[in-house]
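Please look through the sequence and the model below before reading on.

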Amino acid sequence: MPISPLHRWIDAKLKNSILRALLRFVIVKKKKYIWEGSSSSAAETGNASSRIRFLTHGLKVIACIGETLEQREAGSTVAVVAEQTKAIAEKTSNWADVVLAYEPVWAIGTGKVATPAQAHEVHSELRKWLQANVSPDVVASTRIIYGGFF
């Protein structure tokens, strides 16, 4: 027997209520190739949308951003994480519910981690980007962490 739209709606509302009762944060990671390309790419826009969808259900999001090894070696780390942050910023109105987690793709499952200097550089550049493109209040209140410890 097919499930009616009403049953789907009730099921979704129940799941959202349970999630809100059990969870405070949702970690949303990117896949290796999701972030490649410009911020206008369908994959990137869709990934940012899925991250922000959690916010509409009252959950806080830890949004993982980062570059591939090729992008790091090409010197485009800052541009890549800025594009990713821009895609999130375009869909976010309440930055109090967002934590940015710098998690370079090249460090996922490889045994490599960013050095403290590399992580600090990216965090500093993200704060500069937020200052220039969002607001000083967001810079002061947004938590930026290194996601490689997850």
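In helix α5 of this predicted model, A117, H120 and A132 are exposed on one side, while A119, V122, H123, L126, W129 and L130 are buried. Seen down the helix axis, the buried residues of α5 fall within an arc of 120°, so they line one face of the helix. As for its length, α5 covers residues 116-133, and its 18 residues should span 26 Å at 1.5 Å a residue, which agrees with the 25 Å between its end C-alpha atoms.

What covers the buried residues of α5? The cover includes strands β2 (60-65), β3 and β4 together with helices α3 (69-73), α4 and α6 (136-141). Of these neighbours, α4 runs over residues 77-89, and its 13 residues reach 18 Å from the first C-alpha to the last, close to the 18 Å expected at 1.5 Å a residue. The buried residues of α4 are T77, V80, V81, A82, Q84, T85, A87 and I88.

The two strands β3 and β4, which also belong to that cover, run parallel and are joined by four bridges, with A101 standing opposite I145 in β4.

Because Y102 lies in β3 (residues 98-102) and Y146 in β4 (residues 143-146), the pair ties together parts that are 44 residues apart in sequence. With burial set at under 20% relative accessible area, Y102 counts as buried because its relative accessibility is 0%, and Y146 counts as buried at 11%.

Stepping back to the whole chain, there are six helices and four strands, which follow the pattern α-β-α-β-α-α-β-α-α-β when read along the sequence. Among contacts between residues at least 6 apart in sequence, 69% join residues at least 24 apart. Buried residues make up 39% of the 150 residues in the chain, and the accessible surface comes to about 8,700 Å², of which 60% belongs to carbon and sulfur atoms.

Key: Residues are numbered from 1 along each chain as its sequence is written. This is a predicted model: local features need pLDDT of at least 70, side-chain atom pairs count only at pLDDT 80 or more; totals for chains, interfaces and linings use all residues. Side-chain values use heavy atoms; hydrogens and water are left out. The expected span of a helix is 1.5 Å times one less than its number of residues. Buried means under 20% relative accessible area, exposed over 50%, partly exposed in between (1.4 Å probe, protein chains only). Two strands pair if DSSP finds at least two bridges between them. The arc is that of the directions from the helix axis to the C-beta atoms. Contact means heavy atoms within 4.5 Å. Accessible areas come from the Shrake-Rupley method with a 1.4 Å probe; for residues, only the protein chains shown count as cover.
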